[in-house]
Amino acid sequence: MTTDVRPTGVRPADVGDPAGERLRRWRLVLGGDQADGTGCALSGRDAAMDGTLAALYGKGDRPQAGHDRSAGLGASAPSVARWLGDIRTYFPSSVVQVMQRDAIDRLGLASLLLEPEMLEAVEADVHLVGTLLSLNKAMPETTKETARAVVRKVVEDVEKRLANRTRATLTGALDRSARISRPRHHDIDWNRTIAANLKHYLPEYRTVVPERLVGYGRAARSVKKEVVLCIDQSGSMAASVVYASVFGAVLASMRSISTRLVVFDTAVVDLTDQLDDPVDVLFGTRLGGGTDINRALAYCQSQISRPAETVVVLISDLYEGGIRDEMLKRVAAMKASGVQFVALLALSDEGAPAYDREHAAALAALGAPAFACTPDLFPEVMAAALEKRPLPIPDTA
């Protein structure tokens, strides 16, 4: 028999009563300090849920009103593993991922992820992959296989969500970028056809008689475009590195696109030969360290053989540790040679990123606006770049 002991003036939550349900929710939000003002006690599943929240967000290791609760997970792997299991029991996956991220940041639990049993207990997501990659060099051999399995699961989930749409969007863009002069009816590009035949306008009939048709071609199996992904691997860019690696592998699987993937901090590493497996690409990165965008762009520029058919995508927060003026000169030179240059401040779902606004403004002045891009928008951005159309820059107002 369990006795429910409560301080004087504290009443149990009545979930059948709307007012009681509101008090229950406020009690879970406020955490049960005597100043929370709800006068509401929790029991059963609610009390257990409250305990998992207190372990992460509590204010100290002191008992709370209503029952004994100790805040904090300490450094005990077993207690953390139990807590990870608890939050998966009480909260949906999206909330679990946020709580895991907060636990790593607030309680310094990153080192515990070096243990295989801990990795098996966590909910895998892009942010966890970023943490694992930052720990890669310190990871013992016994943990690496488990870590690769976690990373592979996330990569496969991202590919499943984005790969087919990316291939379809870019295949269409490649087809449209190949113009032909004797198109079939359904391949006629009417906007370009009308523009090319305006001199044949007949005022009496108020119409244009086209003497020359302009149409969409079909991209051949040979390489039509070249794409260079240049990725900043500083610690703040972790999610962008994950998504860019997956997109790099998808682009590399398309015969009409020659894809190169370059990562950089103060050094530059070309990971193109690992593009068939984005997990290998990710474990080839080294998150953290400084940033030398100028050096990275110098390498990318040296690899360009067909400027007019090349798209360079720089993914960086633009905090340059190298030579700023040289960086801008390289961007200007690439654009002048015919390269389509795309600057992404982030490639993630994390919202507005921190970035160097002065450098972003300088790139915009060169005709290369810098903006953050979600993974879902990236195929459209690449399609516009391949077709040399204005980029679909999201409205940040």
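This is a predicted model: local features need pLDDT of at least 70, side-chain atom pairs count only at pLDDT 80 or more; totals for chains, interfaces and linings use all residues.
**Helix H12 and its two neighbours**

Let me begin with helix H11, residues 293-302, which packs against H12 at an angle of about 25°, the axes of the two helices lying 8 Å apart. As for handedness, H11 passes H12 in a left-handed crossing.

Turning to the residues, H11 contributes Ile293, Asn294, Leu297, Ala298 and Gln301, and these meet Glu326, Met327, Arg330, Val331, Ala333 and Met334 in H12. Sorted by class, the residues of this contact comprise 7 nonpolar, 2 polar and 2 charged.

Now to the other partner, helix H13. The axes of H12, residues 324-336, and H13, residues 357-365, come within 10 Å, and they cross at roughly 30°. H12 and H13 are therefore roughly parallel to each other as well, while their crossing is right-handed.

In this second contact, Arg324, Met327, Leu328 and Val331 of H12 meet Glu358, His359, Ala362 and Leu363 of H13, and the residues by class are 5 nonpolar, 1 polar and 2 charged.

Which H12 residues meet H13?

To close, H12 crosses H11 with left-handed geometry and H13 with right-handed geometry.

Note on methods:
Residues are numbered from 1 along each chain as its sequence is written. Side-chain values use heavy atoms; hydrogens and water are left out. Axes are lines fitted to C-alpha atoms, for helices over the stretch in contact, and angles run from 0 to 180 degrees between N-to-C directions. Helices (H or I, at least four residues) and strands (E, at least two) are DSSP runs, numbered from the N terminus. Angles under 35 degrees count as roughly parallel, over 145 as roughly antiparallel, 65 to 115 as roughly perpendicular and the rest as oblique. A crossing is left-handed if the near helix is turned anticlockwise from the far one by less than a right angle, and right-handed if clockwise. Contact means heavy atoms within 4.5 Å. Ala, Val, Leu, Ile, Met, Phe, Trp, Tyr, Cys and Pro count as nonpolar, Asp, Glu, Lys and Arg as charged, and the others, Gly among them, as polar.
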